[in-house]
Structure formats: C-alpha cells, structure tokens
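Sequence and structure come first.

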Amino acid sequence: MSRRTLLMSAAALAAAAGPLAAATTARAAARTPKVLVIGLDGALLNRIKDADAPHLDELMSTGLTSVSPLYADPMAPTLSGPGWSTIITGVWPDKHRVKDNAFTGHAFAQYPDFLTRIETAKPGLSTYAVASWNPVTDTIFSAKVDTRVSTPDAEYDTGTTSRAVAELATGNRDAVFVHLDNVDHAGHSYGAASTQYLDAVHGVDAQVGQLVAAVRGRATHGSEDWLIMITADHGHTDAGGHGGSSAAERQTFLIASGGTVTPGSTRYDIRMPDVAASALAHLGIAVDPAWNLDGRPLQQPVPDAFDALRPQLGTRVDETAIGGSVVGFTHTPPAGWSVDNSAMGTGGVTEWRGWTFTTDEFWTSAERNQWRETNVRARNVFAVADGDEWSDKSVTGTFDSTLISPAWRVTGGRTATLAYTTHYRQEAPQKGEVLVSYDGGTPAVVKTYTADTVAKTESLTLQVPPGATTAQVRFRYTGGNNWFWVIDGVTLTAR
C-alpha cells in the first residue's frame, strides 16, 4: 500500500569568498539564475551510494554532498510533515510547529515556504511545485506560488516526473520544486536494507536523470545559471519505517550542483533549513533577519573555530554505545581557546571528562532520547559539557569545567555583542555560567543557565569598560550526574 493512501547579493558573495569565487560569481551574474529542488522522500544517502544510481553519483562528483542530521522527539518525530516543512520553510519544527502529518497548528503564515518568499520579494519570477505526496503542494506551499500540482494517485511518481520534465524543458520557470515518493514507499514496504529499496533508488535516479537532462537540454541553458539541490525529509530503518530517533531515521542529506558550488566537495556544516535559504540567495534575494530563518545560504559558509577540529577527532575510548569506527571527539581545543579542568573531578567516562569537542553523530549515539537529538542549531563540530554521560563510570568529585575563548579586541566605553548557539538541559544542582573578563581582569557573570534552554541562538549585549581593549569569554559548567550544555558558533562583535 502506498504511503499516500496512508539567497546576500552577488557582489557581497564574491567579496566574502575571495577572488576565485568573485570571478565565478561575476560569470554567473551574466546568466539568469534558476533553482531546481528535488525531494526524494525517505531516501538514505548511504543506500544511494550502494545502489546503481549513476545520475545521483554524477551530481555528487560534480557538486557538493553533505549529510545533515534531523531532530527527534520532543521537538518532532522523524515524519514527512515536519521534515518537508523544515526543508521548504527554512526553519526548524519549534518555529513552523508541524509535529506530524496532520499539520495541526502550523505556523506557515509566519514562516512561509521559499517559493512564497520568492513571489513576495520578486513577483516577476515564476514558481512551480509538483508533488507525489499531496500535502506538500496542498498545505506547505501556499496559494501565492504560481503553479502547484498535486499529482493524482494513479500517476504517482511517473506523473510527477513527466509534468516536471515538461515544465523544465519548455517552460520559463525560475524556481521549481519536485517531490518524488517511491523510495519512501519501498522503505515502508520492504525496509531500507532490502533489494527493493535499492531498486527504488535506481528508479528515482533515472527520474532525477530525466529532470536534469530537461534542464541541460533547454534552448536557453547556456544563458542560465541553474542551482540544483536534492534532499530528503527523513531516513528509514533497515526493517522499514521512521519516526524514531535512530541514526538511520534521522539521516538526511543535500546534494547540490551548479551556481558557486565547488565540484566534488564535501561539507559538514549544512543543515536542512539551508535549502530554502540557498534557493533564495541564488535568486538574489537577501535573507532578511526579520524572517528569523534557521537556514543560511550554502553559498555563504560561516567560519567556526570548533569546525577546524574535525580532522583531529578520534574514536571512542570508554563509550560502548558508539560504533568503534565512528570518529567524533577530542579534548584538544582549537587555536586560541583553552579548557580549565583544574576543579574537575576525576574518573568518569573519558570522552566526556570536561568540555569535549564532538559531532552530532558521535554525541547522540552515546545515549538516545534524552534531548541530545534536539541540538539542531549547532553545526559540524561543537563543544559539550555532559555530566550525565561523564558519570556513567565511577567518579570522584563533581563536574566543573570551563571553556575559555581567545582574548578578542573590543573598544572601551562602547558595546559589544556576544553571540552563540546553546542547548542546555537542566537538573539541579547543575549550573551553566557565561563570564566575561576585560584585559585579563576578574571574570564577571553575564548569563546563568538554571532552566532548560533548548537549541537557542543567544545574543548578549556587553558594556565594555572605558579603556578596555580585549574581552575574554568563559563558559563554566558545574554539576554531577545531571544533564548537559552545548555551545557553538561563538562570536564577539565590537561596536
């Protein structure tokens, strides 16, 4: 049974990315930007690589590939409603408020789909969406989209593909979204470990090939700059099904080709909401901060000190729940940063003794269904103080560790903004403190966490003392066998 019956200006981009990207952007600017987003419902990247999928393989070799982990309950289960809503609106479920496939209480008026944002910003552009799973085009995409097609059940992916191919080949659309469903159907019916699932991937690969060929075969293709993005709403278990918190169910990905994408590249900093933001950026629509999007354009990577640690991450030491081949932790901080463990207790699980630099894949594998999966606003490598996991082996004393930033330049007598993403789960007597010192002076507390603060971006205004020239930030976590604190993307901007 089918489940159905169940974009920063071009000049600014060039300046941010350097001379080579500037030249590429200048060439692209002479061509008409267009976007094609293809959604492969329930597709797993590792099974795409296992399958006979030459068209997807070609797009990966000539484009960008990134694995992006999903959330899990209590934010939302790994279902299609929350998944496609996240991809299409550019915000996580705590904002769009879709928790299941009923869409009850959704916030699409506040966080509309990216095609609607295109229509609002540039009404002259032409938008088109076609879907095999009708809620995508009936509910998520709004009536402002020029054309929405909910493919009749009898036509299924064949009809979706033929309609999209016709539009891409002979129409003049500027942004197109195509949803294909059969891989998810095979996952439910046979499981992701089955040959039938691989056959479904092979079949959808041929359909992706038709869509890409239609783009490349356009009479006007030489004067157009197409950004093609392929993604999925969730994964599948080997036995079949999704909705839970396993790594397989939480697995999504992005394959991107065209625009300013570096051929054959692999990225670890891309998350699901970036699809919408990247489409907007490619079409020359700057993301307004007032939109409060979680996505950021893939064309505009944001350097992060913690991410530089990825090459030196190691495998498990004491953890038994994490696969032996999974690479994902280090206690060595990035250049300029330090960790003070002088008050830290002894013993405990090696991986989590003091502040640790880790990844979603590694950290969530340590223990599932304890809110680690909802750490959605951290990217790539992040810092975590996890008293709960540390205490899984005998300890002496308490967890008391401080993560210390470099000394950043500030201007005395003016303000500075300290920004970071945080994910904090509370259990007394645990406490998280943010402290700031100026010119090596005594650190003062500027923020204290003693209540759950789930996946939030913080922005703290600091009043710099007259005459001060540097500021240093400390994140101190104290507790015992309690919960955890995640920090990522720390910046200090002087005014």
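Leu435 stands opposite Arg474 in β20. The structure is a predicted model, in which local features need pLDDT of at least 70, side-chain atom pairs count only at pLDDT 80 or more, and totals for chains, interfaces and linings use all residues. Residues are numbered from 1 along each chain as its sequence is written, and side-chain values use heavy atoms, with hydrogens and water left out.

- Strand β17 (residues 431-438) pairs with strand β20 (residues 470-479) in the antiparallel sense over 8 bridges; two strands pair if DSSP finds at least two bridges between them.
- Strands (E, at least two residues) and helices (H or I, at least four) are DSSP runs, numbered from the N terminus.
- The order β10-β15-β20-β17-β18 makes up an open sheet of 5 strands with antiparallel pairing.
- β10 (338-340) and β18 (444-449) each have a single partner strand and stand at the edges, so one side of each is left without a neighbour in the sheet.
- From one strand to the next, the twist averages 20 degrees.

**Six-stranded sheet**

- A second open sheet, of 6 strands, has the order β9-β12-β13-β21-β16-β19 and antiparallel pairing.
- At its edges stand β9 (329-330) and β19 (453-463), each with a single partner strand, so one side of each lacks a neighbour in the sheet.
- Strands β12 (residues 356-358) and β13 (residues 382-386) run antiparallel and are joined by 3 bridges.
- Thr358 has Phe382 in β13 as its bridge partner.

**Second largest pocket**

- About 690 Å³ of space lies in the second largest pocket.
- Its lining consists of 35 residues, of which Val67, Pro69, Gln251, Asp360 and Glu361 lie nearest the centre.
- Elements giving two or more residues to this lining are α3 (45-50), β2 (64-69), α12 (247-250), β8 (265-267) and α14 (360-366).
- A pocket is an open set of points on a 1 Å grid over the protein atoms alone where a 1.4 Å probe fits, with protein on both sides within 12 Å along at least five of seven lines; lining residues have an atom within 4 Å of a point.

**Thr237**

- Thr237 is found in the loop between β6 (224-231) and α12.
- Leaving aside neighbours within four places in sequence, Thr237 is in contact (heavy atoms within 4.5 Å) with Gly191, Ala192, Ser246, Ala248 and Glu249.
- The C-alpha atoms of Thr237 and Gly336 are separated by 42 Å.

**Confidence**

- The protein chain has a mean pLDDT (the predictor's confidence in each residue, from 0 to 100) of 94, and 94% of its residues reach 70 or more.
- Over residues 1-28 the pLDDT is below 50.
- Where pLDDT is low, the predicted coordinates should not be read in detail.

How values were computed
Axes fitted to C-alpha atoms, helices over the stretch in contact; angles between N-to-C directions. Points joined across faces, edges and corners; volume = space filled by probe spheres on them.
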